[in-house]
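Me: Hi! Could you walk me through a few local features of this model, one question at a time?

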Amino acid sequence: MKARHILMAGTTDSFPDIEYASGFKAPDPVVFLRAGADNYLVVPQMELGRASRTGKSVHVFTPEGLGLSGPARGRLREWTFRLLRRLKIESVIVPVLFPHGVAKHLEKRGIRVLIASEPLFPERAVKTSDELRRIRESQQAAVIAMRAATALITNSEPDKAGFLRFRGKMITSEYVRDLIARILFEHNCMSKDIIVAGGAQAADPHEIGAGPLRAGETIVMDIFPRNMTHGYWGDLTRTIVKGSATLFMKKVYHAVKAAQAVALAHVKAGVKCSSVHRSVVNEFNRRGLFSSVSGNQGAGFIHSTGHGVGLAIHEAPSVSTAEGRLKAGNVITIEPGLYYPGIGGVRIEDTIVVTASGWRYLVPCEKKFEV
């Protein structure tokens, strides 16, 4: 979106565009402004030195440097207004999630605030070679952790009640999640809400899982690490069963694996995101695995096919019914899944790079089902 004055206020976690445009990352709220070709930051006094060394051309202010004193020094709305007044800016465009209180304050002071209807930095969706390297680092950590979690479950044995045990210790979702978290940390990554969901819990795509894992039931493991240094994410999901799966879940697994292959066959620059998503829906329907809603829970394929990955775990482009075409350099997930309340679920997810003629893995990871 073309805009002369782009304004954001908040943390770099809430607004990754701030980090993308300025090179600055901090846990505390800041103000960012792009006015023409110039970038501006307002940061706390303690962050002045670090913000001045971002490596990008940014004009950095502190509240004190803007002439604020007393309680006003700690108010984001005052930082924002004082910066705009100094630069004699009377109109800004802000993201949808811009703080309402700041926006109202600016409007009361005569600043026109327009809400963006499109991404403010659409170029974020096409990754540079340096960004690809960073995402690959995070994805590599996910692959290493996935292999370790799979090996643990492979080497476990069911007790008489069907619960998995390794060297006598009961294997729970928490136990596997702790193993994954430790490995990610060893590779300078962290992941919030790692999913290790077994049995009926796996019927909810975002259920992280709790309690003992059992033989014969699907176990969905979704690992999405964020590098603690540069902040880029990876994303990887596998579904496994210790021992033999039921005939129905075998059918479901092979359908999901086939649907992912069909989607990947459609991926290349210039293709509509919606056509990739539709190919998954069509494959499931062709196999008689239709989606439905019963009560307050859906069954079947109940989410989009994929999403962009970068400074945010979910970013453009959306591989769904949304409009838009893939571009070379997009980093996206392809993650079809099928979910059945009271039974379980299956999801397979890889993070890939779109190319002019197709796609490539960032980091490949084998697919195993019955282990």
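Me: Happy to start with the helices. At what angle do helix α5 and helix α6 pack?
Reply: Keep in mind that this is a predicted model. Helix α5 covers residues 129-154 and helix α6 covers residues 173-186. Their axes lie 9 Å apart, and the packing angle is about 145°.

Me: Is that crossing of α5 and α6 left-handed or right-handed, and how many residues of the contact are nonpolar?
Reply: The crossing of α5 and α6 is right-handed. On the α5 side the contact includes Ala141, Ala145 and Leu152, and on the α6 side it includes Tyr175, Leu179 and Ile183. No polar and no charged residues take part, and the number of nonpolar residues is 13.

Me: Which residues of α6 are buried, and within what arc do they fall?
Reply: The buried set is Ser173, Val176, Arg177, Leu179, Ile180, Ile183 and Leu184. An α-helix has 3.6 residues a turn, so residues three or four places apart point the same way. In α6 the buried residues line one face, because seen down the axis they fall within an arc of 155°.

Me: What do those buried residues pack against, and which residues of α6 are exposed on the other side?
Reply: The buried residues of α6 pack against α5, β10 (189-190), β11 (195-198) and β12 (218-223). On the other side of α6, the exposed residues are Phe185 and Glu186.

Me: What is the phi of Asn188, and is this residue buried, exposed or partly exposed?
Reply: Most residues other than glycine have a negative phi. Asn188, in the loop between α6 and β10, has a positive phi of about 60° although it is not a glycine. With a relative accessible area of 30%, Asn188 is partly exposed.

Me: Where is Arg167, and what is its phi?
Reply: Arg167 sits in the loop between β8 (164-166) and β9 (169-170). Its relative accessibility is 80%, so Arg167 counts as exposed. Arg167 is also a residue other than glycine with a positive phi, near 55°.

Me: Which residues of helix α4 are buried, and what do they pack against?
Reply: In α4 (residues 100-108), the buried residues are Val102, Ala103, His105 and Leu106. They cover an arc of only 160° around the axis, so they are on the same side of α4. On the other side, His100 and Lys108 are exposed. The buried residues of α4 pack against β1 (5-10), α3 (76-86) and β6 (112-115).

Me: Which residues does a cis peptide bond join, and what is omega there?
Reply: Most peptide bonds are trans. A cis one joins Ala316 and Pro317, and Pro317 lies in strand β18 (residues 315-319). For this bond, omega is about 0°.

Definitions and conventions. Residues numbered from 1 in each chain as written. Predicted model: local features only at pLDDT ≥ 70, side-chain atom pairs only at ≥ 80, totals over all residues. Heavy atoms only, no water. Helix = DSSP H or I, 4+ residues; strand = E, 2+ residues; numbered from the N terminus. Buried < 20%, exposed > 50% of the residue type's maximum accessible area, 1.4 Å probe, protein only. Axes fitted to C-alpha atoms, helices over the stretch in contact; angles between N-to-C directions. Left-handed = near helix turned anticlockwise from the far one by under 90°. Contact = heavy atoms within 4.5 Å. Nonpolar A, V, L, I, M, F, W, Y, C, P; charged D, E, K, R; others polar. Arc of directions from axis to C-beta.
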